[in-house]
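Please open the model in your viewer and keep the sequence panel beside it. The stops below each begin with a selection and then describe what is found there.

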Amino acid sequence: GIKKHFLETYLHVAANVTFIALISGLSGDTERIFLAVLLLLSAASAGLGIRFKKFAFVVYGIVFGYIGISFKTLRWLDDDQAFFLYLVITGSGVILLVAFLARRFGREE
């Protein structure tokens, strides 16, 4: 049996290992399947994190989903300037989204 006070730690480790494994599959032959599963689990992590008020899982969903989408998107960009512009604009957007959600989570507790 899992001790109750270790359950959340196990969930954090399992989430990170799962997301990292899915990201590592984005460069293989079955990359579309890995991306689809990654995005599905990212949405589930963020949604369930909001529902159960576990902000770390919301961040896992946002960040790992962003990494997966960016990994695929940046392969298409040949221009270094477009590459940099993509990272600056979308990275700033992700940071602002996480900051907004963090403030919202802070008010609810």
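Begin by selecting lysine 72, which counts as buried at 14% relative accessibility, where buried means under 20% relative accessible area, exposed over 50% and partly exposed in between, with a 1.4 Å probe and protein chains only. This is a predicted model, in which local features need pLDDT of at least 70 and side-chain atom pairs count only at pLDDT 80 or more, while totals for chains, interfaces and linings use all residues. Residues are numbered from 1 along each chain as its sequence is written, and side-chain values use heavy atoms, with hydrogens and water left out.

**The charged network**

Because glutamate 31 lies in helix α2 and lysine 72 in helix α3, the pair ties together parts that are 41 residues apart in sequence; helices here are DSSP runs of H or I with at least four residues, strands are runs of E with at least two, and both are numbered from the N terminus.

Next select arginine 75, whose side chain forms a salt bridge with glutamate 31 at 2.9 Å, N to O. Arginine 75 lies in the loop between α3 and α4, so its pairing with glutamate 31 in α2 ties together parts that are 44 residues apart in sequence. Arginine 75 counts as partly exposed, at 40% relative accessibility. Through shared partners, the salt bridges join Glu31, Lys72 and Arg75 into one network.

A search of the whole structure finds three salt bridges, and one of them is reached by selecting glutamate 8 and lysine 54, whose closest N and O atoms are 3.3 Å apart. That pair links distant parts of the chain, with glutamate 8 in helix α1 and lysine 54 in the loop between α2 and α3, 46 residues apart. Both partners count as partly exposed, glutamate 8 at 37% relative accessibility and lysine 54 at 35%.

Now select residues 31–51, which make up helix α2; its 21 residues reach 30 Å from the first C-alpha to the last, close to the 30 Å expected at 1.5 Å a residue, the expected span being 1.5 Å times one less than the number of residues. Colour Glu31, Leu35, Leu38, Ser42, Ser45, Ala46 and Gly49, which are buried in α2. They cover an arc of only 90° around the axis, which puts them on the same side of α2; the arc is that of the directions from the helix axis to the C-beta atoms. Turn to the face away from this buried side, and the exposed residues Arg32, Ile33, Leu40, Ala43 and Arg51 are found there. After α2 comes lysine 53, whose phi is positive, near 55°.

Move on to α3, whose 20 residues should span 28 Å at 1.5 Å a residue, in agreement with the 28 Å between its end C-alpha atoms. Its buried residues include Phe57, Tyr60, Gly61, Phe64, Gly65 and Gly68.

**The aromatic rings**

Which residues are linked by ring pairs into a cluster? Select Phe19, Phe57, Tyr60 and Phe64, which are joined in this way; rings of Phe, Tyr and Trp (its six-membered ring) pair if their centres lie within 6.5 Å, with planes under 30 degrees apart counted as stacked, over 60 as edge-to-face and the rest as tilted. The structure holds five aromatic pairs. Among them, phenylalanine 6 and tyrosine 10 form a tilted pair, 6.3 Å centre to centre with 55° between the planes, whereas phenylalanine 19 and phenylalanine 64 are stacked, at 4.9 Å and 15°. Phenylalanine 19 lies in helix α1 (residues 7–24) and phenylalanine 64 in helix α3 (residues 55–74), so this pair ties together parts that are 45 residues apart in sequence. Both phenylalanine 19 and phenylalanine 64 are buried.

**The whole chain**

Finally, show the whole protein chain, which has four helices and zero strands. Its C-alpha trace spans about 50 × 35 × 15 Å along the principal axes, and 28% of its 109 residues count as buried.

Definitions and conventions:
Salt bridge = Lys/Arg side-chain N within 4 Å of Asp/Glu carboxyl O.
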